[in-house]
Amino acid sequence: MGKDKELVFITVIGQDQKGIVARIATYLYKRDINIEDISQKITAGYFVMTMLVDVADTRWSIDKVSAELASLGVDMNLRIQVQHGDLFKMMHRV
């Protein structure tokens, strides 16, 4: 600990179902990835969640985390994307 934060955005979209937050949070916890912020909404049966997570303490690469979360998304019939915070800021500059 004590490292600078390395922030990454995770977005989750799909049909609402039980356990989405629990499964993703458990995955992150097991890889020493801290949830800094989380927002979720259900609209017309669709679940939409954005998470800002700190990956500074994990030994897993962002590419590995992204691939594993995408695979988890396939298992749950969700679309899960991972995007580095710096890239997100550059793409969404006003």
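In this predicted model, aspartate 32 counts as exposed because its relative accessibility is 52%, against a cut-off of over 50% for that class. The residue is found in the loop between α1 and β2, the strand spanning 34–43. Aspartate 32 is not a glycine, yet its phi is positive, at about 60 degrees. Most residues other than glycine have a negative phi. A second case occurs at asparagine 77, which also is not a glycine and has a positive phi of about 60 degrees. Asparagine 77 sits in the loop between α2 and β4. With a relative accessibility of 61%, asparagine 77 is therefore classed as exposed.

The loop between α1 and β2 also holds arginine 31. Arginine 31 has a relative accessible area of 17% and so is classed as buried, the limit for that class being under 20%. Beyond its neighbours within four places in sequence, arginine 31 is in contact with Thr58, Trp60 and Glu68. The C-alpha atoms of arginine 31 and threonine 58 are 5.8 Å apart, although 27 residues separate the two in sequence.

Overall, the secondary structure of the protein consists of three helices and four strands. Read from the N terminus, these elements follow the order β-α-β-β-α-β-α. Of the 94 residues in the protein, 29% are buried. Where contacting residues are at least 6 apart in sequence, 69% of the contacts join residues at least 24 apart.

The largest nonpolar core contains 20 residues, and those touching the most other members are Ile10, Val12, Ile24, Leu28, Val53 and Leu69. At least two residues of this core come from each of β1 (7–15), α1 (20–30), β3 (46–54), α2 (62–76) and β4 (78–84). In soluble globular proteins, nonpolar side chains tend to be buried together. For leucine 69, the contacts that remain once residues up to four places away in sequence are set aside are Ile10, Ile24, Tyr27, Ile80 and Val82.

Leucine 69 also takes part in the packing of two helices. The axes of α1 and α2 lie 11 Å apart and form an angle of about 155 degrees. Because angles over 145 degrees fall in that class, α1 is roughly antiparallel to α2. The crossing of α1 with α2 is right-handed. On the α1 side the contact is made by Ile20, Arg23, Ile24 and Tyr27, while α2 contributes Lys64, Val65, Glu68, Leu69, Leu72, Asp75 and Met76. By class, seven residues in the contact of α1 with α2 are nonpolar, four are charged and none is polar. Glu68, listed among the α2 residues of this contact, is also one of the residues in contact with arginine 31.

Isoleucine 42 belongs to strand β2. Its relative accessibility is 48%, so isoleucine 42 is classed as partly exposed. When residues up to four places away in sequence are not counted, isoleucine 42 touches Asp16 and Phe47. Isoleucine 42 and aspartate 16 are 26 residues apart in sequence, with a C-alpha to C-alpha distance of 7.1 Å.

Conventions:
Residues are numbered from 1 along each chain as its sequence is written. This is a predicted model: local features need pLDDT of at least 70, side-chain atom pairs count only at pLDDT 80 or more; totals for chains, interfaces and linings use all residues. Side-chain values use heavy atoms; hydrogens and water are left out. A nonpolar core is a set of buried Ala, Val, Leu, Ile, Met, Phe, Trp, Tyr and Cys residues joined through side-chain atoms within 4.5 Å. Buried means under 20% relative accessible area, exposed over 50%, partly exposed in between (1.4 Å probe, protein chains only). Contact means heavy atoms within 4.5 Å. Axes are lines fitted to C-alpha atoms, for helices over the stretch in contact, and angles run from 0 to 180 degrees between N-to-C directions. Angles under 35 degrees count as roughly parallel, over 145 as roughly antiparallel, 65 to 115 as roughly perpendicular and the rest as oblique. A crossing is left-handed if the near helix is turned anticlockwise from the far one by less than a right angle, and right-handed if clockwise. Ala, Val, Leu, Ile, Met, Phe, Trp, Tyr, Cys and Pro count as nonpolar, Asp, Glu, Lys and Arg as charged, and the others, Gly among them, as polar.
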